[in-house]
2 protein chains.
Amino acid sequence: MVTTEQVVQALQGVMDPELNRSLVELGMIRHVEAGDGLVKIALALTSLACPLKDRIVADAKRAILALDGVRQVDVELVEMSAEERQRLSDGQAEPGQAAHLNEIHHVVAVMSGKGGVGKSLVSSLLAVALRSAGHRVGVLDADITGPSIPKMFFAAGARLNTSPLRAILPAQTRTGIGVVSINLLLESEDQAVIWRGPLIGRAIQQFWGDVLWGMLDYLVVDLPPGTSDASLTVMQSLPLSGAVLVTSPQDLAGMVVRKAAQMTQLMAIPILGLIENMSYFVCPDTGKRYDLFGPSHAEEMAAQLGIPFLGRLPIDPEIAQLCDAGRIEDYPLEAFKPMAERIVTLASPARQPIFGV
Amino acid sequence: MVTTEQVVQALQGVMDPELNRSLVELGMIRHVEAGDGLVKIALALTSLACPLKDRIVADAKRAILALDGVRQVDVELVEMSAEERQRLSDGQAEPGQAAHLNEIHHVVAVMSGKGGVGKSLVSSLLAVALRSAGHRVGVLDADITGPSIPKMFFAAGARLNTSPLRAILPAQTRTGIGVVSINLLLESEDQAVIWRGPLIGRAIQQFWGDVLWGMLDYLVVDLPPGTSDASLTVMQSLPLSGAVLVTSPQDLAGMVVRKAAQMTQLMAIPILGLIENMSYFVCPDTGKRYDLFGPSHAEEMAAQLGIPFLGRLPIDPEIAQLCDAGRIEDYPLEAFKPMAERIVTLASPARQPIFGV
């Protein structure tokens, strides 16, 4: 099994015959997906009518096929925008500018204001559902002091790597979701990150601009609780398509979630809808349903806020178990799938096409 | 029923016969407790041997008894410290310096790093248990963007008042716990507080220094999730006796709580112990116990951290209901009482006597 990094390293040696610079340095590699024997890349050309097209593709394939364990290479061709072509001819595509290689179609934030209602669970399930529907998906864990995402997707020991471009490469999950989180950079997952707001904001900006996300249909951003630095930075610096709000049945949670909704509206971010987590528990022995955190008010709340109600998730001991084992991708998607589909129809493409942000 | 504010206002008119300034302005009023017909105050004298003692006490009693509904006034006399006497003779006791009137014996922070594990619930139950054991108790809600404390103690509409000293007066709960929270200052409880870190820190410092807490045996500080600004400010600016950590059975929560423990240790704050919340659910129909968030690891975790394990709290739909109704004081204390008693024996008096901080 080859890694994204190995693929990028191999492509580092492939030159554009005209410009005589590496495809990687020129920002032509837009997406790398390294699977079991199969590698998929997306290659951005100045024009799809480029006469050197076939030669470039053949060179790239040959370089990747030379890697151990690769049996097949699929190359998807895309065309650079006028702006990108301009930047290329200005010679601005310098190594280290990872963001230049990114093309992200939708950025969806998951927030709640309140802690512990299941933002990270919803972020993860959304990513898994989108991935299983065939989308290219990344997860940016914007919770710097309490990052939960890596534990849900990985057994211990997953780490972020740095590409030859000096860009951060997302860790790849079993089903091919790219994940970036501060916890993938720490020596130990228990290590505290004791930072005041400005550093938190800067870390989030780096996770956006210095990460080689590549080509993504959806980037899911998992926000921490609160309406302070992390949320503000995400809302101000990232071109969000919209936000999904997560609540739990308690009035107490509802109150704090309404604060988050107010913030989202003040920042002119569209709210895609509301999901209620920990709605109820169905006793496995009797089949009886218990409203452990009180009766649900989520539909009322969504109506009051004038936003779509996307659905409920029950308390399920299996989820807790799979999350703790890094196996959230094994959780059955039946309940969540319709919510993810609804989010796909609601999330308009990013407010502006996001090339090289 | 008279309010603390009315009592302070009445005492505003009582002069120290020697200094010819109001007892309130001189910082001699250290505690006010306004009950049903009974008012208790603590009066700080420069010396308990003060020859004018009886006259001052009689004047104060008369002023308070003149208020509608007051049948009895109890006055407790305390002696100022040498430092306080010095400050008084230097004329530093200016109106507006609320902190000068405060005498707080123990400051206990409740934290977890993780959101939604029940920090505010533990803070509230701790305050209620301490109060029911006869202690004078306050709760400082240091969660500025997601404040939960007021909803647990009050029906809608509770507000903070300002004393004639221009100090903030805590809202008093039914059993006489003083509560300060940003939500008691907002027009509506749903209003978002969209502040970056420095403002959050300043708000917490004000809740400490500009509030007329009076004389308290215990001030419980409810921290927000995370190890950023709010936690840092509380640990750096408040003279904590120690911190109580709250976790839930999920490994995921445990990981983030260990981050909080690490921060606490780095900041040299004693950890008083660990409480596990949402440990299990006992099905009311079958009596069977379900570990909804996985099996408990709390005792192991406490042992690893080298801190006392204080106990577990189950998931109880009644708690959610009482919290949402502002009636946490009605919740039976059986389960929590031993934990509170343990905390009392573990919390050494504040690291330095906290007069007029």
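## Basis of the model

Because the model is predicted, local features need pLDDT of at least 70 and side-chain atom pairs count only at pLDDT 80 or more, while totals for chains, interfaces and linings use all residues. Residues are numbered from 1 along each chain as its sequence is written, and chains are lettered from A and ligands numbered from 1 in the order in which they are written.

## How the two chains are related

Chain B is superposed on chain A by a rotation of 180° with 0.1 Å of shift along its axis, at an RMSD of 0.2 Å (by least squares on the C-alpha atoms of residues with pLDDT of at least 70 in both). That is the relation of a two-fold axis.

## The contact between the chains

The contact takes 52 residues from chain B and 52 residues from chain A, where two residues are in contact if their C-beta atoms, placed from the backbone, lie within 7 Å. On the side of chain B that touches chain A, α8(B) gives the most, with 10 residues (helices are DSSP runs of H or I with at least four residues, and strands are runs of E with at least two, numbered from the N terminus).

Because 100% of the interface residues of chain B are also interface residues in chain A, the copies meet through the same surface.

## Domains of chain A

Chain A is divided into domain 1 (4-94) and domain 2 (101-355), with bounds from an automatic or database domain assignment. Their C-alpha centres lie 31 Å apart, and 17 residues of domain 1 of chain A are in contact with 13 residues of domain 2 of chain A. The elements that give two or more residues to this side of domain 1 are α1 (4-12), β1 (29-34) and α3 (82-89) of chain A.
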